[in-house]
Amino acid sequence: AAPAEPVRGDIEFRHLNFTYPTLRNGDAKPGARPEKGTQILHDISLHVSAGKTLAIVGPTGSGKSTLAALIARLWEAPPDALFIDGRSIRAWPLAILRQSIGFVPQDTFLFSETIRENIALGVESAADDQITGAAEVASVAQEITGFPSGFGTFVGERGITLSGGQKQRTALARAVLRDPRILVLDDALSSVDTDTEERILRSLKEVTR
């Protein structure tokens, strides 16, 4: 039976091997039938206990983003290779799993809605002070309040165009607001200057505590 209890956040990879499913033209596509290709991850075993932090470093193309995507089930791990709280990740209902994960990819995406709506995506009941608090953790609140309409400013085609660093920090605020049991940052501060990155990491340390 599917587990009814909430996710605690214990993550374990057991001898995981992963090759991206590909189409005949070589383009990776979720749900595609696997064909022969280059193995991205080979015999990966690691354990991150609930409440602990792990940093993974390596050159471009070494599989860091793939590991992150597997945790969020953006790609399907092989059977008996990835476990959350000691249970196969496939045993968790997808909705429960994703409600418990804050995932910030390197290439962030914001909708053509207000900044408030972008941060509160998936947490529509969030109060304004919670949204502001999440933006403060992501070190973007001051810049947002400097816009003519503040958190009510529209993003994209109908409003202001944010810089790469502002987009990343807005996406980080969205993840923080979810108060997730698992927080995955996939090079999520690559467009942020060093001083701002240090402020964010200090704030995240307090929040994750």
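Reader: Hi! Which residues are buried in helix 7?

Author: In helix 7, T196, I200 and L204 are buried. Buried means under 20% relative accessible area, exposed means over 50%, and partly exposed lies in between, with a 1.4 Å probe and protein chains only. Helices are DSSP runs of H or I with at least four residues, strands are runs of E with at least two, and both are numbered from the N terminus.

Reader: Before we go on, what kind of model is this?

Author: It is a predicted model, where local features need pLDDT of at least 70 and side-chain atom pairs count only at pLDDT 80 or more, while totals for chains, interfaces and linings use all residues. Residues are numbered from 1 along each chain as its sequence is written, and side-chain values use heavy atoms, with hydrogens and water left out.

Reader: Helix 6 then. How do the axes of helix 6 and helix 7 cross?

Author: The axes of helix 6 (residues 164-177) and helix 7 (residues 194-208) cross at roughly 5° and come within 13 Å. Axes here are lines fitted to C-alpha atoms, for helices over the stretch in contact, and angles run from 0 to 180 degrees between N-to-C directions. Helix 6 and helix 7 are therefore roughly parallel to each other. For the cut-offs, angles under 35 degrees are roughly parallel, over 145 roughly antiparallel, 65 to 115 roughly perpendicular, and the rest oblique.

Reader: Which residues make the contact of helix 6 with helix 7?

Author: Helix 6 brings R169, L172 and V176, and helix 7 brings T196, I200, L204 and V207. Contact means heavy atoms within 4.5 Å.

Reader: How many nonpolar, polar and charged residues does that contact have?

Author: The contact of helix 6 with helix 7 has 5 nonpolar, 1 polar and 1 charged residues. Ala, Val, Leu, Ile, Met, Phe, Trp, Tyr, Cys and Pro count as nonpolar, Asp, Glu, Lys and Arg as charged, and the others, Gly among them, as polar.

Reader: How many residues of helix 6 are buried?

Author: 12 of its 14 residues are buried, so helix 6 is largely enclosed by the rest of the structure. What covers them includes strand 5 (101-104), helix 3 (115-119), helix 4, helix 5 (141-145), strand 6 and helix 7.

Reader: Pick one of them for me. What does Q166 touch?

Author: Q166 is in helix 6, and at a relative accessible area of 14% it is buried. Not counting residues up to four places away in sequence, Q166 touches V140, E143 and F147.

Reader: Now helix 4. What do its buried residues pack against?

Author: They pack against helix 3, helix 5, helix 6 and helix 7. The buried residues of helix 4 are I131, A134, A135 and V137. They cover an arc of only 160° around the axis, which puts them on the same side of helix 4. D129 and E136 are exposed on the other side.

Reader: Changing topic: where does D43, with its positive phi, lie?

Author: D43 lies in strand 2 (residues 39-48). Its phi is about 50° although it is not a glycine, and at 40% relative accessibility D43 counts as partly exposed.

Reader: And D80, buried or exposed?

Author: D80 counts as exposed, at 56% relative accessibility. D80 lies in the loop between helix 1 (64-71) and strand 3 (82-84), with a positive phi of about 60° although it is not a glycine.

Reader: Last one: how many helices and strands does the protein have?

Author: The protein has 7 helices and 6 strands. Of its 209 residues, 39% count as buried.

Key:
The arc is that of the directions from the helix axis to the C-beta atoms.
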